[in-house]
Amino acid sequence: MIDDLYSAKLLALAANMPRIGRLAAPDASVEKIAKLCGSRVVVDVTVEGGRVADFAQDVKACALGQAAASVLGAHVVGASLEELEVTCNQFRAMLKDGAPAPDGRFSDLAMLAPVKDYPARHASTLLAFEAVTEAVRTATTRDTGRTSPAGAA
């Protein structure tokens, strides 16, 4: 059963994570830590026109968290807050309730379906998606909350 969890594809994703590092001037940054295992993810985003324009991540997590972050890093640019919220909720439901995997650009998360049987691994597997959703929400809120400079027409 553990072989189903740590497939060759999952391990390859974990080993080749895109968009590692930090952005020089992000619109928002969020750090998430899984208390049970200590996995840690920091994401930086810039948002333009309501969509992720740039993204970077610093991931110190198990192979499951790294694989999820790899899927995120490969497909997040161009995603809207709504799409990230839906994906995060679908991903959580897949892990917690055995619901179908997210579809669309994040459909590769289906390979993490076997994590359902390991509740202690759910938090670390979800970290990157929870962090990016919060970061984009923060950046979007800041963007829509901006006021024009004094005296501007």
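Is Phe-106 buried or exposed? Phe-106 is buried, and its relative accessible area is 0%. The model described here is a predicted one.

## Overall architecture

The protein contains five helices and three strands. Along the sequence these elements follow the pattern α-α-β-β-β-α-α-α. The radius of gyration is 16 Å, close to the 15 Å that the globule rule gives for 153 residues, so the protein is as compact as a globular protein of that length. Taken along the principal axes, the box filled by the C-alpha atoms is roughly 65 × 30 × 25 Å.

Of the 153 residues, 42% are buried. The protein exposes about 7,600 Å², and 52% of this area is supplied by carbon and sulfur atoms. Among contacts between residues at least 6 apart in sequence, 61% join residues at least 24 apart.

## The sheet

The three strands form an open sheet with antiparallel pairing, in the order β1-β2-β3. β1 (28-33) and β3 (51-60) stand at the edges; each has a single partner strand, so one side of each is left without a neighbour in the sheet. From one strand to the next, the twist averages 15°.

Strand β2 covers residues 40-48 and pairs with β3 in the antiparallel sense over nine bridges. Within this part of the sheet, Val-43 has Gln-57 in β3 as its bridge partner.

## The aromatic cluster

A pair of aromatic rings is described by the distance of the centres and the angle of the planes. A search of the whole structure finds two such pairs. One is formed by Phe-91 and Phe-129, which are edge-to-face, at 5.5 Å centre to centre and 75° between the planes. This pair links distant parts of the chain: Phe-91 lies in helix α4 (residues 81-97) and Phe-129 in helix α5 (residues 122-144), 38 residues apart. Phe-91 counts as buried, at 0% relative accessibility. Phe-129 is also buried, with a relative accessible area of 0%.

The other pair joins Phe-106 and Phe-129; the ring centres are 5.3 Å apart and the planes stand at 85°, so this pair is edge-to-face. Here too, distant parts of the chain are linked: Phe-106 sits in the loop between α4 and α5, 23 residues from Phe-129 in helix α5. The ring pairs link Phe-91, Phe-106 and Phe-129 into a cluster.

Why does Phe-106 count as buried? Its relative accessible area is 0%, and buried means under 20%.

Conventions:
Residues numbered from 1 in each chain as written. Predicted model: local features only at pLDDT ≥ 70, side-chain atom pairs only at ≥ 80, totals over all residues. Heavy atoms only, no water. Pairing = 2+ DSSP bridges. Helix = DSSP H or I, 4+ residues; strand = E, 2+ residues; numbered from the N terminus. Axes fitted to C-alpha atoms, helices over the stretch in contact; angles between N-to-C directions. Phe/Tyr/Trp six-rings, centres within 6.5 Å; stacked < 30°, edge-to-face > 60°. Buried < 20%, exposed > 50% of the residue type's maximum accessible area, 1.4 Å probe, protein only. Rg over C-alpha atoms; globule rule 2.2 N^0.38 Å. Contact = heavy atoms within 4.5 Å. Areas by Shrake-Rupley, 256 points an atom, 1.4 Å probe, with all protein chains shown as cover.
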